[in-house]
Amino acid sequence: MSMESVSFSFHLLLLLLLVMHGDGSGTEEMADDLISKGNSVLRLHSMDHDRQTEDDGTTVQSRVDPLSHMDHMDLSVMVFFTLKDLKVGNSMPIYFRKKDSSKSPRFLPRQEADSIAFSLKELPNLLRLFSFSRDSPQAKAMEATLRQCESQAIKGETKFCATSLESMLEFASSIFGSNTRFKTLATEHLTKSSTLFQNYTVLTTPEEIPAPMMVACHTVPYPYAVLYCHSQVTENRVFKVSLDGENGDKVTAVAVCHKDTTQWKRNHVSFRVLGIEPGTPGVCHFFPADNFVLVPDP
């Protein structure tokens, strides 16, 4: 297989995980099958160096947008809510990131991904490899991602940056157990729209997905596709929420609520957005369509 990056359909990725055998075997063969079948790109972050990843894995803009409201916070932080907000008829402002898939980084085959160093200490060599200058936005994005991947996990958290589909599947199997089947949950936009931020109304009673354990995977900026995946031993609740936007957008959104936030940084953006004290339990957030959650499939 050539060094050219490979494009994947996100829905094929979901199918891969849904049909996966309980022993986790055959991950490389199934990923190869995706390579041969995939004809659309799994939507991933662009090389946007203005993003930072919070303790819960959510990715927000690190710079402040002076044109936004909410105490001058960037609109991209408007993904947080509390458990009490999940009731039929309630309306809340939500930002759903949307990416042009044709401009997104793509997964490399595992053999090729493993042949490239993925380490902060190798950053100078990596910049030469990808022909990025040290002060370029791409270089800053790579450095931020590598620092995030190498940073210490918070108490009770296990994290891993996957540079291939196979390594992501193996990490999930290590969390759930080799004999446990698991499935993916991802936000779906049922209508096409360019609107990123608007008020959404909860249409029906949210469906809670049993999740005694979960792995959340978030796309991070890098020249090729990288997934920041993590799992926490603290109690989390997973929901699928039917939403109706002001402009008629229909979204089936995946949301995670964290019961224990005592290990999060005191300046975590969710506490500021929600106007709550650091460590307050029951902080929730919606997932953009290019992130997903893995849960055991009974």
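A: Happy to. One term to begin with: a residue is called buried when its relative accessible area is under 20%. Also keep in mind that this is a predicted model.

Q: Good to know. So are Trp 264 and Phe 271 buried or exposed?

A: Trp 264 and Phe 271 are both buried.

Q: Let's do the rings, then. How many aromatic pairs are there?

A: The count comes to 10 aromatic pairs. One of them is Phe 130 with Tyr 224, a tilted pair with 6.2 Å from centre to centre and 40 degrees between the planes.

Q: And where do Phe 130 and Tyr 224 sit in the chain?

A: They link distant parts of the chain, being 94 residues apart. Phe 130 belongs to helix 4 (residues 123–130), while Tyr 224 is in the loop between strand 10 (215–220) and strand 11 (226–232).

Q: Why does Tyr 224 count as buried?

A: Because its relative accessibility is 3%, and the cut-off for buried is under 20%. Phe 130, on the other hand, has a relative accessible area of 22%, so it is partly exposed.

Q: Back to Trp 264 and Phe 271: why is that pair tilted?

A: The planes of the two rings are at 35 degrees, so the pair is tilted; the ring centres are 6.1 Å apart.

Q: Which residues do ring pairs link into a cluster?

A: The cluster is made of Phe 118, Phe 130, Phe 132, Tyr 222 and Tyr 224.

Q: Switching topic: how many disulfides does a search of the whole structure find?

A: Three disulfides turn up. With bonded cysteines counted along the chain, their pattern is 1-2, 3-4, 5-6.

Q: Take Cys 149 and Cys 161. What is the S to S distance, and why is the disulfide left-handed?

A: The S to S distance is 1.9 Å. The torsion about the S-S bond is about -90 degrees, so the disulfide is left-handed. Cys 149 comes from helix 5 (residues 137–150) and Cys 161 from strand 5 (residues 157–162), 12 residues apart. Both Cys 149 and Cys 161 are buried.

Q: And what about Cys 217 and Cys 229, right-handed or left-handed?

A: Right-handed, with 110 degrees about the S-S bond. Cys 217 and Cys 229 have an S to S distance of 2.1 Å. Cys 217 and Cys 229 are both buried.

Q: Which parts does the pair of Cys 257 and Cys 284 tie together?

A: Cys 257 lies in strand 13 (residues 250–258) and Cys 284 in strand 14 (residues 283–286), so the pair ties together parts that are 27 residues apart in sequence. The S to S distance between Cys 257 and Cys 284 is 2.0 Å. Their torsion about the S-S bond is about 105 degrees, so this disulfide is right-handed. Cys 257 counts as buried at 3% relative accessibility, and Cys 284 does at 0%.

Q: What else is Cys 257 in contact with?

A: Leaving aside neighbours within four places in sequence, the contacts of Cys 257 include Phe 81, Leu 83, Glu 235, Asn 236 and Arg 237. Phe 239, Val 283 and Cys 284 are also in contact with Cys 257. As for Glu 235, its C-alpha atom is separated from that of Cys 257 by 8.7 Å, and these residues are 22 residues apart along the chain.

Key
Residues numbered from 1 in each chain as written. Predicted model: local features only at pLDDT ≥ 70, side-chain atom pairs only at ≥ 80, totals over all residues. Heavy atoms only, no water. Phe/Tyr/Trp six-rings, centres within 6.5 Å; stacked < 30°, edge-to-face > 60°. Helix = DSSP H or I, 4+ residues; strand = E, 2+ residues; numbered from the N terminus. Buried < 20%, exposed > 50% of the residue type's maximum accessible area, 1.4 Å probe, protein only. Disulfide = S-S within 2.5 Å. Contact = heavy atoms within 4.5 Å.
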